[in-house]
Each structure stands twice: as C-alpha cells, then as structure tokens.
Amino acid sequence: MRCKYYKKCSGCQLQNLEYDEQLRYKQKQVNTLLSKYGRVEKVIPMAEPLHYRNKVQSMFYYDFRTKKICSGVYQSTTHRVVPVTDCMIDDEAAQDIINTITKLLNSFKIKAFDERRGTGYIRHALVRTGFQSGEIMVVLVTIKGSFPSKKNFVKALLDEQPEITTIVHNINPDGMNLTLGGVSEVLYGRGYIEDTLCGCTFGISPESFYQVNPVQTEVLYNTAIESAELTGKETVLDAYCGTGTIGIIASKKAGKVVGVELNSQAVRDAIKNAKRNGAENVFFECGDAGDYIHLLAQNGEKLDVVMLDPPRAGASVKFLKSLCKMKPKKVVYVSCNPETLARDLRFLTTHGYKTKLIQPVDMFPYTKHIECVCLLTR
Ligand code: SAH
C-alpha cells in the first residue's frame, strides 16, 4: 500500500496499482464501453500524477484521547472523520496550511464542532490554490457567529503561511454538511483568487466550480477545442458551461460563443470571467441546457459547433433530440462518465452523427475516474 490511510479513507480507489497499471485499467474500461462507436485512442496520462488537486478540504474534530483538535477527511457514509495529515493527491502547500490551521485552533482554544452533542464552533477548512498564479485562498467554515479573536488568528496564520493571499470566514449553520453556507466575511485580501488556464484568466471564489486538476484540465480543454478545428467564423454553443471556461477559451478562435448553465452563481462567475478576458463575443444564459437548445431549434437558429460538458448523468434526451434537429456540423462531447457517454453516443450515432475521435484523458490519477473527449460530425 502506498498510502497509509487507504483502508479508512477510500478516496483513491486505484492507489494499490502502479500508475501504468491504472492507465491500463482505465483504457480497458473505456474500450469496453466505447469501441463500438469508433476507435478509442490511448489514454493521455498525467506526466506527474501526484499532488494534483488544487482544492483541499479538511474537517476538524476533538480527539478525546490526545485532548487536541485534529483534522481529517470526512467519510460521508459513516459520518466519521479519518485523521489525515498528508495526502498523495492533494496540493502539498494546501495541506501544510491545513496543518498550521489545526495547530493554531489548538493554541487559540477554538472548539471544533461536535456533531453528536451539537456543541463547538469550527467545522472545516477549504484551501484553494491557483497553480499558475500562485494565489492561495483559505475558507474557514464555522457553524455560527463571528470568528473569535479573528484579527490575531489571521495575523498568526499569515505569519506562518505568508503565501496565503486571501482568507474568508463562512458560516454554515448546517454542521452535518461539508458545503458552504450563505454568509461569508472576507477576513483578509480580496475574497477570491485567480488562475490561468490555456492563456485565459478565471476567478475562483469560495463556492465557484473550478476543475480540481488544472494541469490535466489544460490537456482536456486543448484536446476538445483543437478537435473542433475552429476557423474564427463559427457560432458555438458551450452547453453545461459552468463558469464559462471552455467557451471563453474557444471564443478566441470562434465567431460567437453562447454558454448555457443551470447554476445562476456559475453564470454570474462566467460573465465576470468573460469581462476579465475581454471576450466580447461570448454570451451566457442561465437555464436548463435541454430547454435552451430546444428553444434555439424552435426559433430556427443556426449552430456550427456544439460543445457539451454535462455532469455524470450525461445529456438529457431533450438536449440530444433538439441537437439532432439543429444539425450542427460538429459536436464536441466532454464527458466525466463513460457509461452515460456510451448511451449518448448511441443516440447521436443513430441520429446522423459519426464519431471521429474518442480521446480519454486521465484527470484523476489514483481514482477510478476517467474523462473523455469525443468529436462527432454529420
Ligand atoms: N464545463 C465546465 C463545467 C462542467 S461541470 C468546466 O469544465 O468547468 C457540469 C456543469 O453542468 C455544472 O456547472 C452544472 O451546474 C451544470 N448543469 C447540470 N445540469 C444542467 C442542466 N440541466 N442544464 C445546464 N447546466 C447543467
């Protein structure tokens, strides 16, 4: 076993395999599911497949034996926290910051929230790093109130970890939940960080969605955008666009890009991101991707290229049906789940499309997950 926490944490399902064995395992899985729709290329591996996660989250709890606050990983199934102080896939600087926070919580005597008793104060911490910008954001999540001796705590944290660029206090009264609550106070810096992907700059606030492996995200996005062979004239739909990353990067090579996304906060982030990059040919709509493309089809609009990056459930039938009605010349499908991708490829290939490329990309080494880019043409 490479990782001493493996049995208890279970975050990295394949960590008992060497990296090339993991790649073979993933290749086989993708081949089995997708080879009936076209030739499956070799998985693009990650050159250095360790410490790739730019988002590190740790729970705090009181250890009655050592009488200290400790940090660890939350097991949602058991509601138990597994003590983890170093992880092979998390960013090392971020882990170091979590360990410093844990130490300071003990010296400041700030109590960890106790789920069973409903007592205590701090629940978890989130550290997000911009791999290219070097900016680091710390989010301290408590279940109530203002942060005790916050000035001194922030000063002590910055003294030990001067590379932190912003610190946010978030209040989430739902102590059982690892997510963020609605109320935030910026304790230091500007309250968000920026990072660069494929030459474009993106903002990352405490709650915004951002791919967790930025190195492989560039590989994934480049593969997807290059496969479309844009000439600068096309009208492109970026469906399930999140904070607009794919569409904004593609907009440099397209005539016009429209992004559609269900989450309204992500759409607000996407609009800001477009401004940040001076991308004036990108527009965003908030709503269901299926409803939106259905509307475009009804209005007789034209699309040259549809790029989609849906969640694990894949695209909806409504989306695929309207897509086939609109007949864009190219479809670039970015998928995080080869099973739903297989289902959707079956639909597209029986409704006039041909698969030209199936390219798996390893975005999550040591876990069982695999990402794929597919190009389809009419
Ligand atoms: N392309 C982005 C985000 C991909 S994640 C990136 O690479 O960062 C998938 C996105 O689909 C999420 O942002 C999620 O909010 C959005 N989504 C989920 N269901 C949706 C739907 N029915 N219509 C539109 N967007 C949806």
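Q: How do α9 and α10 lie relative to each other, roughly parallel or roughly perpendicular?

A: Start with the angle between the two axes. Angles under 35 degrees count as roughly parallel. In this predicted model, α9 (residues 317–326) and α10 (residues 338–349) pack at about 30 degrees. The two helices are therefore roughly parallel to each other. Their axes are 10 Å apart.

Q: What is the hand of the crossing where α9 passes α10?

A: The crossing is right-handed.

Q: Which residues of α9 and α10 meet?

A: Look along both helices for residues in contact. From α9 come L320, K321, L323 and C324. They meet D344, F347 and L348 of α10. Sorted by class, this contact has five nonpolar residues, two charged ones and no polar ones.

Q: At what angle do α8 and α9 pack?

A: Helix α8 covers residues 289–298. The angle between α8 and α9 is about 25 degrees, and their axes are 8 Å apart. That angle makes α8 roughly parallel to α9. Now check the hand: α8 and α9 cross in a left-handed way.

Q: Which residues make the contact between α8 and α9?

A: On the α8 side, find A289, G290, D291, I293, H294, L296 and A297. On the α9 side, find K318, F319, S322, L323 and M326. The classes here are seven nonpolar, three polar and two charged. Notice L323 of α9. It belongs to this contact, and it also meets α10.

Q: Are α3 and α4 roughly parallel or oblique?

A: Use the angle again. Over 145 degrees would count as roughly antiparallel. Helix α4 spans residues 150–160, and α3 packs with α4 at about 140 degrees. That makes α3 oblique to α4. Their axes are 10 Å apart. The crossing of this pair is right-handed.

Q: Which residues of α3 meet α4?

A: They are T100, I101, K103, L104 and L105. Their partners in α4 are F153, A156, L157 and E160. By class, the contact holds six nonpolar residues, one polar and two charged.

Q: How much space lies in the second largest pocket?

A: Begin with volume, then turn to the lining. The second largest pocket holds about 730 Å³ of space. Its lining has 29 residues. Closest to the centre are Y61, Y62, D63, F64 and D114.

Q: Which elements give two or more residues to that lining?

A: They are β1 (55–63), β2 (68–75), β3 (80–83) and α3 (92–107). Strand β1 gives the largest share, five residues.

Note on methods: Residues are numbered from 1 along each chain as its sequence is written. This is a predicted model: local features need pLDDT of at least 70, side-chain atom pairs count only at pLDDT 80 or more; totals for chains, interfaces and linings use all residues. Side-chain values use heavy atoms; hydrogens and water are left out. Axes are lines fitted to C-alpha atoms, for helices over the stretch in contact, and angles run from 0 to 180 degrees between N-to-C directions. Helices (H or I, at least four residues) and strands (E, at least two) are DSSP runs, numbered from the N terminus. Angles under 35 degrees count as roughly parallel, over 145 as roughly antiparallel, 65 to 115 as roughly perpendicular and the rest as oblique. A crossing is left-handed if the near helix is turned anticlockwise from the far one by less than a right angle, and right-handed if clockwise. Contact means heavy atoms within 4.5 Å. Ala, Val, Leu, Ile, Met, Phe, Trp, Tyr, Cys and Pro count as nonpolar, Asp, Glu, Lys and Arg as charged, and the others, Gly among them, as polar. On a 1 Å grid over the protein atoms alone, a cavity is a set of points where a 1.4 Å probe fits but cannot get out, and a pocket is an open set with protein on both sides within 12 Å along at least five of seven lines; lining residues have an atom within 4 Å of a point. Grid points are joined across faces, edges and corners, and a volume is the space filled by probe spheres set on the points.
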